[in-house]
Amino acid sequence: MIARKLIRPDSMAEALRQREQYGKDGIPVAGGQSLLVLLRNKLIDPKVLIDLEPLGELRGIQRQTDGMSVGPMTTIYHLLSSPEVRAAAPLLSQAASKVGSTAIRNLGTIGGNLCHNEPGADLPPALLALDAVVELRSRKATRKVPLREFFRGYFETAVAPDELLYAVEIPTLPGGASTVYLKHAISAEDLAIAGVAVVLVPDEQHSRKAREIRIGLGGVASVPLRASKAESAVCGAVLDDAAIQEAGEIAASEADPMTDPHASAEYRRKMVKVLVRRAILAAIEQSERNGHGKV
């Protein structure tokens, strides 16, 4: 059943008032593409749609002294084409380039991508590896939630019924960091069967020694996640073939994939091993090309 009422608030204050008034019966609309699929298939039946399109303050990218803030209504295309994003968070640009088709990138937003929390989405594993934090607002309070705590379950997030996502904050990458996002899908426009994002900070003297490593996984559990055990296993170690193989195997053990018409759980785990290995090797090559820690 199609929603009975569409509201277009002209200010953030009005949008939050509507969120408080309607609660779970009022669904925010960002890009709207995923939401329209849910409506068409009668998976949700809200009384009200709250269209966020008029709210200019929810759009745009702002550089800050400690990183970058992205408004939730910023489109995927804007992320992909932004010189600021390419300079400060190239991993996010890489992930944005893998999102769906041109039409999806033109309409889809970073906020909608995160709040929809669909398994196989490209932006969440990249933002997890970037240590992103989201700012949530209601009429009563503002709170910041690390993205690692934002995804709660299958299509569920930490956004309360009276809240809106106001900003995505991305800290400055450590000096010398290299970043890689890899995706395996049936076709380029499909959701990821498995997606892996890696941030590698090499030792200043040795490009194959990991001073810090972050590994984000998507499409291989009910929520995107950081492969924290794999990170701990190889952080500080020399990333030889054995260590890289171990990182992939541990990351695969941290995944909890489902079997669906696109791939079996076993296949998804195997792809985690493959993609983690490839992503780490690509990150090492990137570091060496940039002259960081090369022996």
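## The sheet

Five strands make up an open, antiparallel sheet, ordered β4-β5-β10-β6-β7. Strands here are DSSP runs of E, at least two residues long, and helices are runs of H or I of at least four, both numbered from the N terminus. Two strands pair if DSSP finds at least two bridges between them. β4 (61–64) and β7 (142–146) are the edge strands; each has a single partner, so one side of each lacks a neighbour in the sheet. On average, neighbouring strands are turned by 25 degrees against each other, direction ignored.

β4 and β5 (residues 67–70) run antiparallel and are joined by four bridges. Axes are lines fitted to C-alpha atoms, for helices over the stretch in contact; angles run from 0 to 180 degrees between N-to-C directions.

## Basis of the model

This is a predicted model: local features need pLDDT of at least 70, side-chain atom pairs count only at pLDDT 80 or more, and totals for chains, interfaces and linings use all residues. Residues are numbered from 1 along each chain as its sequence is written, and side-chain values use heavy atoms, leaving out hydrogens and water.

## Nonpolar cores

The largest nonpolar core has 38 residues. Such a core is a set of buried Ala, Val, Leu, Ile, Met, Phe, Trp, Tyr and Cys residues joined through side-chain atoms within 4.5 Å. Leu 79, Leu 123, Leu 127, Val 168 and Ile 170 touch the most other members. Helix α8 (residues 123–129) gives the largest share, five residues.

Leaving aside neighbours within four places in sequence, Leu 127 contacts (heavy atoms within 4.5 Å) Leu 92, Ile 110, Leu 114, Ala 132, Leu 147, Val 168 and Ile 170. Another core, of 32 residues, lies apart; Val 180, Ala 210, Ile 244 and Val 276 are among its members.

## Aromatic rings

The whole structure holds two aromatic pairs. Rings of Phe, Tyr and Trp (its six-membered ring) pair if their centres lie within 6.5 Å; planes under 30 degrees apart count as stacked, over 60 as edge-to-face, the rest as tilted. Phe 150 and Phe 151 have ring centres 5.3 Å apart and planes at 80 degrees, so they are edge-to-face. Phe 150 is buried at 0% relative accessible area, and Phe 151 is buried at 7%. Buried means under 20%, exposed over 50%, partly exposed in between (1.4 Å probe, protein chains only).

Tyr 154 and Phe 155 are also edge-to-face, with centres 4.6 Å apart and planes at 75 degrees. Tyr 154 is partly exposed at 45%, as is Phe 155 at 31%.
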